Amino acid sequence: MGKRRLALCAGVLAVTAFGPAACAAYAADGGDVSVVPAAPVPGADIALRVTGCDAREAVAQSPALVSDARLTPDDGDGLAGDGRVRSTVTAGTYTVTVACDGTEHKGTVEVVRKQAPAAGAEPSAHPSPVAPVNAGGGGAARVFADGRERHGPGAAQTVVALALAGTAALTVHRAARRQARRGRGTG
């Protein structure tokens, strides 16, 4: 019963989350060419899909796109591909045209302006790193920047390492001797 309930809840959640977005994409284009998201911002990546096209390949063209988008067969009954909205395009509605089997399929994409943050509001995340990145050599640049080079561990680290190795060797030797004595006494 638990698995069925989980599957049912997951299905309802998927339909609730993705259903309106898919419907909005089809409603916004007014044709058999769909764009997801239906209202992207300049510079955004979009997914294009055309139905009713029996060709193995097609090209979607629009003045809103950076370049023509190549469409190939998808899992359904149409062609799909990806494109990118020009970062310099102004807000507005643009036609998307797909030439397929001698027929033009049309749809639209409505480019919207990026939302500017409210005055005095600070962004929730920094747009770029706020601290230097230890790239290349695992942070070795800072070590070499001061002009000194270090070769291996210092004297203190060497003494500690030798003391630990000696203690470990002595412990193993004693355990082996004890084991040997027990073995001789029982046989």
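Begin by selecting Thr 97, which lies in strand E6; strands here (E, at least two residues) and helices (H or I, at least four residues) are DSSP runs, numbered from the N terminus. At 15% relative accessibility, Thr 97 counts as buried, where buried means under 20% relative accessible area, exposed over 50%, and partly exposed in between (1.4 Å probe, protein chains only). Show the surroundings of Thr 97: not counting residues up to four places away in sequence, Thr 97 touches Val 59, Ala 60, Gln 61, Glu 104, His 105 and Lys 106. Contact means heavy atoms within 4.5 Å.

Before moving on, some ground rules. This is a predicted model, in which local features need pLDDT of at least 70, side-chain atom pairs count only at pLDDT 80 or more, and totals for chains, interfaces and linings use all residues. Residues are numbered from 1 along each chain as its sequence is written, and side-chain values use heavy atoms, with hydrogens and water left out.

**Colour by confidence**

Colour the chain by pLDDT, the predictor's confidence in each residue, from 0 to 100. The mean for the protein is 75, and 63% of its residues reach 70 or more. Now select residues 6–30, where pLDDT stays under 50. The model has 14 contacts beyond four places in sequence for this stretch. Where pLDDT is low, the predicted coordinates should not be read in detail.

**The whole chain**

Switch to a cartoon view. There are three helices and seven strands, and along the sequence they follow the pattern α-β-β-β-β-β-β-β-α-α. Of the 187 residues, 20% count as buried. The accessible surface comes to about 13600 Å², of which 59% belongs to carbon and sulfur atoms; areas come from the Shrake-Rupley method with a 1.4 Å probe, and for residues only the protein chains shown count as cover. Among contacts with a separation of 6 or more, 51% are between residues 24 or more positions apart.

**The sheet**

Select the strands together. In what order do the seven strands of the open sheet lie? The order is E1-E2-E5-E4-E3-E6-E7, with antiparallel pairing; two strands pair if DSSP finds at least two bridges between them. The edge strands are E1 (33–36) and E7 (103–111), each of which pairs on one side only. From one strand to the next the twist averages 25°, with axes taken as lines fitted to C-alpha atoms and angles running from 0 to 180 degrees between N-to-C directions.

Next select E6 (residues 92–100) with E7: nine bridges join the two in the antiparallel sense. Gly 92 stands opposite Val 111 in E7.

Go on to strand E3 (residues 58–61) and show its side chains. E3 pairs with E6 in the antiparallel sense over three bridges, and Gln 61 stands opposite Thr 97 in E6. Three bridges also join E3 to strand E4 (residues 69–73), again antiparallel; here Val 59 stands opposite Arg 70.

Then pick Thr 51, in strand E2 (residues 45–51). Leaving aside neighbours within four places in sequence, Thr 51 is in contact with Asp 32, Asp 77, Gly 78 and His 105. Draw a distance from the C-alpha atom of Thr 51 to that of Gly 76, 25 residues apart along the chain: the separation is 8.9 Å.

**Salt bridges**

Finally, show the charged side chains. A salt bridge is a side-chain nitrogen of Lys or Arg within 4 Å of a carboxyl oxygen of Asp or Glu. By this rule the count comes to four.

- Arg 84 and Asp 45 meet at 2.6 Å, N to O. Arg 84 lies in strand E5 (residues 78–84) and Asp 45 in strand E2, so the pair ties together parts 39 residues apart in sequence. Arg 84 is partly exposed, at 44%.
- Asp 74 and Arg 49 meet at 2.5 Å, N to O. Asp 74 lies in the loop between E4 and E5 and Arg 49 in strand E2, so this pair links parts 25 residues apart in sequence. Asp 74 is partly exposed at 22% relative accessibility, whereas Arg 49 counts as buried at 18%.
- Lys 106 and Glu 104 meet at 3.7 Å, N to O. Lys 106 is partly exposed, at 43%, and Glu 104 is exposed, at 53%.
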